[in-house]
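Hello,

Here is the structure I said I would pass on. My notes on one helix pair and on the cavities follow it.

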Amino acid sequence: MSDHSVKHLIIGGGIIGCSIAYHLARMGEKDVVLLEKSALTEGATWHAAGLVGQLRSSRNTTRMLQKSVALYDRIEAETGMSIDWKKVGSLRLAASKDRMLEAKRLATMARSFGLEMQLITPAEAKALFPYIDERGLEGAAFIPSDGHVDPASLCQAIAAGARKHGAVIKQGVKVEDFEVKGGRIAKALTTDGVYEADSFVLATGMWSREISRKLGLAVPACAVEHQYIVTEPIPDFPKDLPTLRDPDRLVYYKPDAGGRLVIGGYEDNTLPFGDDGIPGEFARQLLPENLDRFAPLAECAAKVTPIVNEVGIRTVINGPIPYSADGDFVMGRPAGFDNLMVATGFLYGIAAGGGAGEMIAEWIVDGEPSLDLWPLDIRRFGPHHATKTFMYPRAVEHYEHHYKLRYPGTESQVARGIRQSPLYQRLKSAGAVYGSKNGWERPLWFAPDGVEPVDQLDYLKPGWKQYAAREHHAVRGGVVLIDQSSFSKFELIGPGACAALQGMAVSNMDKPIGAVIYTQLCNARGGIEADLTITRLGADHYYIVTGSGFGVHDSDWIRRNLPDGDALHLIEVTSARAVINLCGPKARDVLAAVCEEDVSNAAFPFATAQDITIGAAPVRAVRIGYVGELGWELHIPTEYAPHVYDQLWQAGQQSGICNMGYRAIETARLEKGYLYWSGDITPDYTPIEAGLGFRVHLKSKGDFIGRDVLAAQKKDGAPRRLCTFISDDNLPVFGGETILHDGETVSLATSAGYGPTCEQTIIYGYLPRALVKETEFELEAFSKRYKITRIDGVVYDAKNERLKA
């Protein structure tokens with residue numbers, strides 16, 4: 001054995017690892033080496049079913065999967081190796097009215113993503129897939145550009161393409177350990193010697209959790225058992241049969257060689273695999289078949305396609321498939337590591353392989369992918385996600401709900417109660433219907449007396465809306481308390497703190513002590529990486545607040561952009577302080593009744609913070625908010641939170657004080673025009689494009705990341721703008737709907753909902769510069785079109801008179 005020095009070291013020789021090697025080499029990168037402990041494909045790739053579908057709930061995830069199809073279209077010609085790629089389309093049946101509504105919503109989403117999806121009749125579905133029993137079907141959806149492929153052949157072809165472009169693939173080489181120094185992997189210790197590299201990639205599938213532990217890293221990727229059967233040959237089998245999914249009956253179909261059908265599905269109570277460690281080398285191995293567990297799927301398949309009653313079963317496959325703590329991919333650079341990339345947890349590894357490899361290669365070479373992939377970013381996870389107690393129950397639940405109807409707002413029912421506010425029991429007793437965000441239990445809405453505190457979900461008329469509307473009207477007309485303890489909170493302390501933030505934030509951070517600054521942190525393209533509230537506590541001391549699910553991401557961005565040295569410390573203080581948001585036009589009356597300090601507008605103006613006393617508790621009061629009313633975020637040492645809540649609740653009785661949940665926060669912020677990071681604003685959009693140019697301070701500060709791009713957009717205009725649209729009708733919208741002009745798709749809804757105060761549906765979406773003056777548009781929701789009107793400004797308190805009262 002000898003030592004090796006390479007530029008890029010990829011660990012794992014499944015479809016994902018081979019695709020990363022291929023794309024790195026194709027981009028011209030040299031010294032690309034892939035290590036596989038056994039042989040290529042022998043983890044989960046070789047026994048994958050091979051369906052290639054493209055539509056996902058995220059536009060950019062869909063675009064990534066479209067890149068897979070583009071690769072599969074060309075890889076045979078490029079390498080001369082057959083992959084048995086059949087671009088025959090995919091058919092999705094709807095056997096219930098709600099499932100047909102889901103299909104219509106998906107078709108609308110596909111249109112906004114630029115993916116063709118046709119809604120067809122049961123008879124048209126049967127013409128495409130003659131074996132189905134169309135009786136009882138409401139309809140179906142068909143995506144012509146989907147298909148199926150032979151997974152092993154595909155992986156070998158991509159590996160051949162990687163070698164052709166200069167990558168080296170070594171099989172039978174196992175990584176045994178790593179050396180880490182100062183946030184960088186220095187060496188990988190293998191059975192083939194020591195490897196030094198500029199960048200390391202873990203594309204290790206179901207082994208990711210185990211191998212990442214050697215780095216002191218918790219990657220929330222795992223595996224669960226998945227079964228499918230292969231039938232005996234069916235006579236007169238059609239040549240170009242599409243793939244088929246019947247989510248109501250929980251089954252899928254793939255045409256297979258020799259006139260056979262592959263039939264699988266997502267049953268209840270699958271088993272986790274490897275939760276106590278993956279046994280042995282586990283190379284090209286399967287698990288014992290479990291026909292009892294498969295029996296319900298077989299019964300469903302017999303109803304969908306009665307012909308399966310007439311043909312025998314040739315093979316039963318039971319193999320582990322990759323999964324993650326939230327059922328989606330795990331990609332990107334983990335916080336705390338400078339030269340490590342992770343690409344794992346791919347339930348749809350074959351469908352995603354080509355595009356995911358391209359995105360990871362871009363991430364390594366360019367520092368970021370060409371698509372914002374926040375829904376797949378490893379930094380969406382916290383420490384609890386990778387624990388056995390959380391990850392495996394969630395993975396099993398996601399698996400069994402893979403095809404089940406998930407109405408907008410559906411919450412997980414397992415691994416709950418992980419993180420609780422000190423107000424949890426008080427609010428539960430008050431009727432809180434809880435949701436889960438980054439492990440936190442957060443009130444969604446409050447059930448009044450006589451109403452069971454269980455979420456009421458639906459596509460067209462969710463029952464919760466009437467109760468959230470009551471809370472919405474309460475904050476507009478009276479006073480409410482909101483438990484926002486789940487905010488992620490950090491303190492930046494040390495000499496040079498101001499200068500460091502000045503170099504990152506678009507706003508002037510050199511404000512007086514006590515100033516509260518709403519700002520964005522941008523990348524070099526001017527795209528918004530973080531949307532924060534920052535309070536200056538001292539000359540070299542700042543308090544940073546961001547969303548519940550964004551703490552790992554945002555703190556990682558800040559740390560990566562701090563100057564070298566030991567002078568500055570970014571400390572997470574999320575657990576140190578609970579947060580009660582006291583807001584509404586009567587908020588000052590309530591606060592004044594329990595506070596020892598003067599909280600008049602003159603003494604405590606908007607966008608400032610002060611230390612005050614409520615009852616017997618020391619409180620950091622921050623006059624800012626997200627609902628568009630007079631209010632204070634009260635950041636309270638955790639142990640004092642129940643006391644402060646009780647003081648405010650008692651003082652607010654004569655004002656009709658009530659609790660408010662996150663569903664009402666959403667409708668209030670829509671009315672006020674407040675934006676949500678990861679929806680309305682992302683790394684794909686700049687503050688100028690998002691209408692946040694007033695936060696970009698070019699004259700009062702020096703250079704910062706993205707300044708040149710933002711300065712140019714301020715001077716010359718942005719290529720697109722975030723616009724507000726309204727309808728006087730209460731439309732069935734949730735975000736992701738298609739926005740059209742003159743019959744052509746021009747945008748999608750980044751956020752959408754009904755405003756109870758303005759009594760209008762409010763939609764946000766980006767328009768190209770040529771259309772930002774137009775007013776008449778259409779919105780497509782559930783495949784039905786509605787007239788909407790673009791307006792200037794926001795629909796509520798455009799002059800901020802209520803906010804600054």
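**Cavities and a helix pair**

The lining of the second largest cavity consists of nine nonpolar residues, one polar and one charged. Please keep in mind that this is a predicted model. The volume of this second largest cavity is about 50 Å³, and the residues around it are L423, L427, P443, F446, L481, I482, D483, I580, Y645, N659 and M660. Two elements, β21 (440-446) and β22 (480-483), each supply two or more residues to that lining. Of these, β22 gives the most, with three residues.

Searching the whole structure turns up three cavities of 30 Å³ or more. The largest cavity holds about 60 Å³ of space. Its lining is formed by R105, T108, M109, P732, G735, G736, E737, A781 and F782; four of these residues are nonpolar, three polar and two charged. Helix α3 (residues 97-113) has the largest share of that lining, at three residues.

The helix pair is α1 (residues 15-26) with α8 (residues 349-366): their axes lie 7 Å apart and the packing angle is about 45 degrees. That angle makes α1 oblique to α8. The crossing of the two helices is right-handed. On the α1 side, the contact is made by I15, I16, S19, I20, H23 and L24. On the α8 side, the residues are G349, I350, G353, G354, A356, G357, E358, I360, A361, I364 and V365. By class, this contact between α1 and α8 has ten nonpolar, six polar and one charged residues.

Regards

Terms used:
Residues are numbered from 1 along each chain as its sequence is written. This is a predicted model: local features need pLDDT of at least 70, side-chain atom pairs count only at pLDDT 80 or more; totals for chains, interfaces and linings use all residues. Side-chain values use heavy atoms; hydrogens and water are left out. Axes are lines fitted to C-alpha atoms, for helices over the stretch in contact, and angles run from 0 to 180 degrees between N-to-C directions. Helices (H or I, at least four residues) and strands (E, at least two) are DSSP runs, numbered from the N terminus. Angles under 35 degrees count as roughly parallel, over 145 as roughly antiparallel, 65 to 115 as roughly perpendicular and the rest as oblique. A crossing is left-handed if the near helix is turned anticlockwise from the far one by less than a right angle, and right-handed if clockwise. Contact means heavy atoms within 4.5 Å. Ala, Val, Leu, Ile, Met, Phe, Trp, Tyr, Cys and Pro count as nonpolar, Asp, Glu, Lys and Arg as charged, and the others, Gly among them, as polar. On a 1 Å grid over the protein atoms alone, a cavity is a set of points where a 1.4 Å probe fits but cannot get out, and a pocket is an open set with protein on both sides within 12 Å along at least five of seven lines; lining residues have an atom within 4 Å of a point. Grid points are joined across faces, edges and corners, and a volume is the space filled by probe spheres set on the points.
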